[in-house]
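Work through the exercises below with the structure open beside you. Try each task before you read its solution.

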Amino acid sequence: MVGLSTQRVLTRRGEPTFEGGPAAGRLESVSKHYGRRDGDALDGVSIAFPRATLTAVMGLSGSGKSTLLQCASGLDRPSRGRVWLGGEEITRMRRRRLALLRRRKVGFVFQELNLVPTLTVAENIALPLRLDGRPFDWDDIAGAAGQVGITPLLGRLPDRLSGGQQQRVAIARALITRPEVVFADEPTAALDPYTSEVVLDLLRRAVDELGQTVVVVTHNPMVAGYADQAVVLAHGRIAETRTAPDPAELGQILRRLGEAESR
Amino acid sequence: MTGFFRTLRRQPAPLAGTFIALLLAAVVVTVTASLIGTAQTLSVPAQRLAATSVVITGNQKVAVTSDQDHHTSTDVVGLPAYRRLPISLARAAAAVPGVATAVPEVSIPLALQVAGGRVLSGSTAQPLTGYGWQSAPLTPFTIVSGHAPAASDQVVVGAGLARAAGLRPGDTVRLSGRDLPSFTVAGVAASPAGNPAQDQAVFFTNDEAAALYGHPGQADLIGVLARPDTSASVLAARIRDNPDFDGRTVLSGNRRGGAEDLAAAIDGFDLLQVAESAGFDVLLIALFVVAGTVSLSIAQRWRNIALMRAIGATPGQVRRMAMIELAILGGLAGLAGYLPGVWLASRAVRGMDAHQMLPATTHAWTNSWTSVWVVLITAGIGVVVAELAGLAAVRRASRLAPAAALAQANTQRRRPRLARLLAGLVMLAGGIALGVAALILPLSPSEQINLALVMLLALMTGVALLGTLLVAVAEGLLRQPVSVFSRAAGRLALADIRVRPQRTATAMVAIALAVMFTGAIYFIDATQNHAAVVEGGQRLTATAVVSAPGSGLGPAAVSAIAAEPGVGTAVGLTPTTVFVPYPGNDNTAAEAITGGSPAAVLNLKVSSGTLRGFGPGDIALSNIETGPTAVDTRVGQTLTAYLADGTPYRATVTAIYDRSLGFGDALIPAGAAGGGHLGSAAIGEVLVRPAPHTSLTALTQGLAPLAGRFPGLNVAGRGTVVNAQAELLTAQQSYGNNLLLGVIAALAGLALVNTLAMATVERRGSLRLLRRVGATTRQLLSMTWWQTVIVSAAGLVVGAAAAAATILVVTKTLTAAWTPTMSWTPVAIIAGTVIALTSVAIFTPTAWILAAHDEG
């Protein structure tokens with residue numbers, strides 16, 4: 001069980017062979033633009049998310065990180081290119097099938113707007129199961145809550161929770177269906193360093209203990225310390241790729257990009 | 001289902017707003033259904049004929065066949081006057097086994113002039129009526145003082161009438177407007193306790209009644225009393241089976257009341273029309289309100305929907321969730337709206353009773369069995385309306401890519417989507433096209449007005465569809481002036497409007513709809529009334545009008561007046577009804593002419609043909625009756641119209657006239673089809689044109705002595721008559737229109753408050769945030785004030801523009817000028833009420849949000 005230990009759990013699995021096994025998700029030459037006048041938010045990005053790894057997608061604000069996550073997770077469709085998720089191509093998948101795929105194979109943790117405000121913590125965690133019409137036991141929900149350390153909060157409504165508590169509820173919800181891939185969009189952006197570590201620990205354990213694939217979009221170099229690979233985006237393109245990334249190096253890369261940007 | 005109750009418990013505001021809107025719709029549906037039911041089941045209990053077992057009348061319906069565009073259609077309509085029967089039928093009825101007595105009854109509308117010159121005529125619903133004494137057992141009446149009429153100059157009066165008039169045996173009375181000697185009250189007769197027949201009945205000897213009736217050998221109906229051992233239904237069946245009564249109507253039980261009060265069927269039809277047309281208008285507003293609030297309610301929970309879509313809810317699941325929620329709300333609102341709806345309907349019926357628009361005994365339709373159906377229909381309509389509105393609102397939320405939906409949880413679209421934009425522009429263009437069509441197509445005024453109202457609906461729909469665009473325009477126009485007056489609060493208000501245009505648009509559309517409907521209905525009504533008054537003044541060219549209170553003047557009055565020195569032309573007018581053959585025509589208000597040429601005393605603005613030499617075999621029709629959707633005829637053609645008692649009248653169209661507002665749409669000679677088919681022989685008024693060089697004063701003085709012959713005869717100058725007609729017209733139209741206007745204003749006002757309160761509650765987050773970053777209460781209220789100003793101004797301008805366009809089209813069609821009947825008081829009342837309601841609906845929740853935040 002993941003407790004509130006401040007000790008980082010870094011259980012690297014050694015050098016992953018990204019080219020080898022089938023990826024849990026993959027983008028091939030994906031571009032995305034939102035309006036005629038706007039440029040490409042993503043510009044020909046190709047990337048794979050190997051199974052049972054944690055990928056950190058990094059970059060400055062406006063670099064295309066969230067767009068990449070949305071295209072990779074089926075929340076949005078690319079303007080060009082192809083996307084695979086959970087072994088299926090989702091580029092032109094019908095809305096209903098895509099929703100079912102998201103529900104069964106994908107978990108989400110967002111920076112904000114994470115929880116349905118009218119549902120209690122327990123109900124929020126159970127929501128994907130309910131949507132899927134799957135029978136469940138409230139003990140399972142309590143178990144999932146226990147794994148992220150929020151058992152005493154099960155009966156509360158989201159507006160009575162702190163930011164960190166809300167993120168842990170979101171992680172419990174993301175994991176309850178045992179999804180193949182978990183996408184987290186800036187999950188630590190609004191959190192203090194201590195709570196950020198707790199959240200990242202939880203995501204890392206999902207990879208190590210449950211064999212899930214986690215993709216974290218962040219501008220926080222600290223996340224790189226938990227990742228098996230890191231991808232740095234700039235202007236909608238992949239600027240750098242690192243396996244077993246070093247947070248300090250990534251911090252420098254981001255700083256360099258920021259300085260170039262401000263010039 | 002559980003999701004609904006969870007939302008209800010934890011986020012009740014959007015559901016409450018939707019429920020209130022649906023409740024309003026349900027109340028409107030119930031009121032409309034109840035009024036339609038009341039109209040269709042309208043029956044009056046037998047009172048004067050209470051003692052009869054069976055009543056036999058002529059066939060009180062007429063089949064009006066029209067043949068237009070090679071298409072023959074037949075409308076069966078109720079007759080406002082008795083189709084007379086031969087009194088020999090009473091003998092045939094008496095011979096039917098089980099019949100104790102069969103009485104042929106004649107009825108004579110009358111007014112009594114009592115001591116002091118006071119004239120009693122009863123009420124519109126219960127006018128004084130004369131009968132032969134042989135009719136007394138039909139109630140039954142029994143003498144309580146004096147004796148039965150034994151001579152032609154004796155009458156017996158009902159006990160209620162005797163009390164009201166202070167009449168006692170030995171007193172003398174005269175028949176108002178009739179050239180007859182006085183009558184002595186021989187006795188007072190009472191009807192059974194609680195039967196109001198005694199308030200309106202006057203009995204003559206049978207011979208005198210027959211003479212006054214004027215149709216020898218005929219009667220209005222035959223009242224049949226059964227022997228004690230024979231039931232009414234058995235007796236009715238025997239009479240129906242008797243070939244002597246083929247083609248007659250045999251009534252028993254509750255249906256006997258219909259024979260006593262022929263107007264009840266007509267009233268019922270009028271009520272049906274009012275309920276259907278007003279109900280449609282009001283229902284439409286309710287639908288707009290429901291659509292707006294449902295859409296707002298979905299928008300308020302957009303974030304939840306977007307999140308659920310992101311974590312795997314299928315579009316179908318999102319739709320189903322919304323549909324279940326709305327079905328529950330619609331059903332509950334339907335059930336909750338039933339009792340208030342029934343209460344309002346019964347109030348409306350009571351009001352119409354009191355204003356003599358319906359028979360006094362009418363009750364709102366709340367029969368227990370049918371009530372179940374009304375409840376189910378109301379709930380069903382509530383569900384359907386909610387579902388349709390919800391489907392449209394949630395469709396987009398369910399179809400949008402989850403990423404876009406999540407993005408839109410923070411900011412709304414600032415411009416309508418292309419499909420919505422096009423639909424809105426089409427509706428606006430359609431509205432304008434309808435207005436132009438109303439002005440240039442060769443339509444009758446009523447058709448033009450109907451087209452103008454459809455134009456209003458099209459404009460309203462266009463405004464609703466283009467709400468966000470209109471808000472953007474308003475925001476753009478007001479940006480500069482607002483910035484001049486208020487730097488911080490005004491700019492914050494504008495920014496909020498810019499970022500959340502849908503919320504502002506919903507609020508603005510609610511204001512615009514309220515202004516549009518109340519403004520258009522009020523001013524169209526005012527313009528119509530004014531046009532009728534103006535037209536009445538232009539129409540009347542007679543110098544003097546002679547009339548008598550109550551039932552009018554006897555037929556002899558016209559020739560008597562014409563014979564007086566100083567009188568050039570005297571023309572009698574009798575209001576009546578004819579049935580002009582064209583599909584869907586229920587009846588046509590008409591005037592019957594006695595005496596000289598109508599052209600001498602009336603300027604009807606004849607557009608085709610002439611009224612000179614107007615006489616038997618002729619008919620003149622207004623342009624309303626000869627429009628493209630009315631009778632397809634021209635001057636010189638012949639048609640078969642039907643008179644008030646159903647007698648066919650083959651007539652040649654001799655003129656088509658334009659000035660018919662407040663007048664009949666058909667003109668016939670009183671002697672049409674041999675005469676005696678108008679329902680009443682009495683003359684409503686005699687229009688007099690003096691001989692050359694005779695002044696009004698000389699004419700009035702010359703006619704004054706006639707009051708000795710015709711009691712109650714009154715001579716009035718043209719100006720006095722025009723003013724009196726104007727007052728009468730306003731009084732007659734005010735209740736029905738005020739009722740409709742009141743309902744629409746109340747509905748629009750409630751909808752306005754509900755929608756604005758919902759929209760304001762949605763701003764909770766931004767208000768709290770501004771509070772946290774240091775905005776003072778004063779600044780936030782100032783921002784709210786600016787938002788109120790901007791939303792009110794935009795709503796008032798848009799609503800007033802649409803209403804004005806409609807009013808102008810109606811004005812042009814009615815008066816041929818572009819100047820409507822405007823007065824600033826109602827404008828100020830409408831604008832003031834809208835601003836006051838807007839302020840209350842915005843400031844109250846804002847103050848509540850700020851107080852709750854400060855306490856928290």
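**Exercise 1: A sheet and its helix**

In this predicted model, chain B holds an open sheet of 4 strands, paired antiparallel in the order 5-16-1-17.

Task: Find which strands of chain B form the edges of this sheet. Then find which helix packs on the sheet.

Solution. 
Step 1. Look for strands that pair on one side only. These edge strands are strand 5 and strand 17 (249-252) of chain B.
Step 2. From one strand to the next, the twist averages 20°.
Step 3. Check one pairing. Strand 1 (residues 54-57) and strand 17 of chain B run antiparallel and are joined by 4 bridges. Take B:Thr57 as a case: its bridge partner in strand 17 is B:Thr249.

**Exercise 2: One serine**

Task: Locate B:Ser107. Is B:Ser107 buried or exposed? Which side chain does its own side chain join in a polar contact?

Solution. 
Step 1. B:Ser107 sits in the loop between strand 5 (99-105) and strand 6 (108-109) of chain B.
Step 2. Compare with the cut-off. Buried means under 20% relative accessible area. B:Ser107 has 17% relative accessibility, so it counts as buried.
Step 3. List the contacts, leaving aside neighbours within four places in sequence. B:Ser107 then touches B:Tyr82, B:Thr129, B:Gly130, B:Tyr131, B:Tyr213 and B:Asp220.
Step 4. Pick out the polar contact. The side chains of B:Ser107 and B:Asp220 are joined by one of 2.4 Å.

**Exercise 3: The whole of chain B**

Task: How many helices and strands does chain B have? What percentage of its residues count as buried?

Solution. 
Step 1. Count the elements. Chain B has 24 helices and 27 strands.
Step 2. Turn to burial. Chain B has 856 residues, and 54% of them count as buried.
Step 3. The accessible surface of chain B is about 34800 Å², and carbon and sulfur atoms hold 61% of it.
Step 4. Look at sequence distance. Take the contacts in chain B between residues at least 6 apart in sequence: 81% join residues at least 24 apart.

**Exercise 4: Confidence in chain A**

Task: Where in chain A does pLDDT stay under 50?

Solution. 
Step 1. Start with the chain. Chain A has a mean pLDDT of 82, and 90% of its residues reach 70 or more.
Step 2. Find the stretch. Over residues 1-20 of chain A, pLDDT stays under 50. For these residues the model has 41 contacts beyond four places in sequence.

Conventions. Residues are numbered from 1 along each chain as its sequence is written. Chains are lettered from A and ligands numbered from 1 in the order in which they are written. This is a predicted model: local features need pLDDT of at least 70, side-chain atom pairs count only at pLDDT 80 or more; totals for chains, interfaces and linings use all residues. Side-chain values use heavy atoms; hydrogens and water are left out. Helices (H or I, at least four residues) and strands (E, at least two) are DSSP runs, numbered from the N terminus. Buried means under 20% relative accessible area, exposed over 50%, partly exposed in between (1.4 Å probe, protein chains only). Contact means heavy atoms within 4.5 Å. Accessible areas come from the Shrake-Rupley method with a 1.4 Å probe; for residues, only the protein chains shown count as cover. A polar contact is a pair of N or O atoms within 3.5 Å; within protein, one must be able to donate a hydrogen and the other to accept it, and residues adjacent in sequence count only if both atoms are side-chain atoms. Two strands pair if DSSP finds at least two bridges between them. Axes are lines fitted to C-alpha atoms, for helices over the stretch in contact, and angles run from 0 to 180 degrees between N-to-C directions. pLDDT is the predictor's confidence in each residue, from 0 to 100.
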